[in-house]
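Open the model in your viewer and keep the selection panel handy.

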Amino acid sequence: MEVIICRNADEAASLSADLIEDVLRQKPNMTLGLATGRTMEDLYDKLAERHQKAGLDFSLAVTFNLDEYIGLPAEDPNSYRAYMNRHLFDRINIDKCNTFLPNGVAEDLDAECAAYEARILDYGGIDLQLLGIGRTGHIGFNEPLSALQSRTRCKTLTPGTIAQNSPLFDNPEDMPRRAITMGVGTILESQRSILLATGTEKADIIAKAVEGPMTAMISASAMQWHQKCTVILDEAASAKLEHTDYYHWIFQNEPEWEPYRAKYSA
Ligand code: GLP
């Protein structure tokens with residue numbers, strides 16, 4: 001795991017966009033794992049802008065989203081499919097046939113989950129998985145106690161997650177209590193991952209996920225086990241970390257970050 005602390009949320013989104021762009025330019029048919037949530041909106045704005053102004057080409061890319069609410073059809077404005085169309089897919093040149101989210105209204109939800117896993121494998125696995133973090137420490141909707149080897153499945157959301165996300169619904173009562181989510185094990189199999197978190201309200205959970213013990217109570221802590229996870233933060237979200245000097249040191253000295261140093265040195 002590596003931690004990069006940017007000066008502000010805008011730079012954190014911009015660095016995340018740079019890393020996605022680098023992989024996409026090297027592998028135009030990359031498989032990109034996508035996340036939803038307010039944090040991702042700035043990043044998707046940047047990717048859309050790079051497509052519109054600099055011709056960043058998504059025409060061969062394939063995407064798999066982490067999760068979808070159970071009971072919301074794609075057309076529901078609160079579905080994650082609608083979120084993805086609005087914030088990204090309708091603004092870039094991706095072929096929507098190559099954009100996958102779990103179907104939250106499938107008749108047989110367990111079969112849907114198994115088919116989602118199989119499809120990820122059919123596409124050769126995920127090259128780069130983007131992650132946010134919920135205040136319960138979830139990645140995707142892997143709520144506390146999610147097995148570290150879990151696969152795509154149905155999960156009941158915690159009251160904390162419902163409190164965090166229900167204000168996004170016109171009628172907060174309409175927020176589903178369950179979702180389909182990729183498992184922690186599914187996420188851990190991605191080749192590379194970026195966990196993007198910004199804002200003071202994420203500082204406590206980021207400190208636990210990054211510097212605390214790996215535990216099923218905080219699914220994001222499982223990213224300590226991932227082969228190549230880059231945690232990208234703004235200063236606010238990094239505020240409760242103990243070892244920030246060390247993270248800055250790595251960013252200043254690791255050759256991989258040389259091309260980004262001048263732009264993002266905090
Ligand atoms: C939802 C998603 C998560 C995301 C989280 C963070 O719960 N299922 O994948 O990480 O939102 O949301 P926000 O960025 O709004 O804090």
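A pocket here is found on a 1 Å grid over the protein atoms alone: it is an open set of points where a 1.4 Å probe fits, with protein on both sides within 12 Å along at least five of seven lines, and lining residues have an atom within 4 Å of a point. Its volume is the space filled by probe spheres set on the points, with grid points joined across faces, edges and corners.

Before you select anything, note that this is a predicted model, in which local features need pLDDT of at least 70 and side-chain atom pairs count only at pLDDT 80 or more, while totals for chains, interfaces and linings use all residues. Residues are numbered from 1 along each chain as its sequence is written, and side-chain values use heavy atoms, with hydrogens and water left out.

**Stop 1: the largest pocket**

Select T36, G37, R38, Q164 and K202: of the 23 residues that line the largest pocket, these are the closest to its centre. The space there is about 390 Å³. Now colour α2 and α5, the elements that give two or more residues to this lining (helices are DSSP runs of H or I with at least four residues, numbered from the N terminus). With three residues, α2 gives the most.

**Stop 2: the ligand**

Show the ligand next; the space it takes is the largest pocket. Around it are 14 residues, of which R38, T39, D67, H138 and K202 come nearest (a residue counts as near if one of its heavy atoms lies within 4 Å). In this shell, α2 (38-54) and α5 (159-165) are the elements that give two or more residues.

Which polar contacts can you draw, taking pairs of N or O atoms within 3.5 Å?

- T39: an N or O atom of its side chain is 2.5 Å from a ligand oxygen.
- G140: a polar backbone atom is 3.2 Å from a ligand nitrogen.
- Q164: an N or O atom of its side chain is 3.3 Å from a ligand oxygen.

**Stop 3**

Finally, move to the second largest pocket, with about 170 Å³ of space. Pick N78, Y80, Y83, R86 and L168, the closest to its centre among the 14 lining residues. Here α2 and α3 (80-87) each give two or more residues, and α3 gives the most, with four.

Key
Polar contact = N/O pair within 3.5 Å; in protein donor to acceptor, adjacent residues only side chain to side chain. Sits in = over half its atoms within 2 Å of the grid points.
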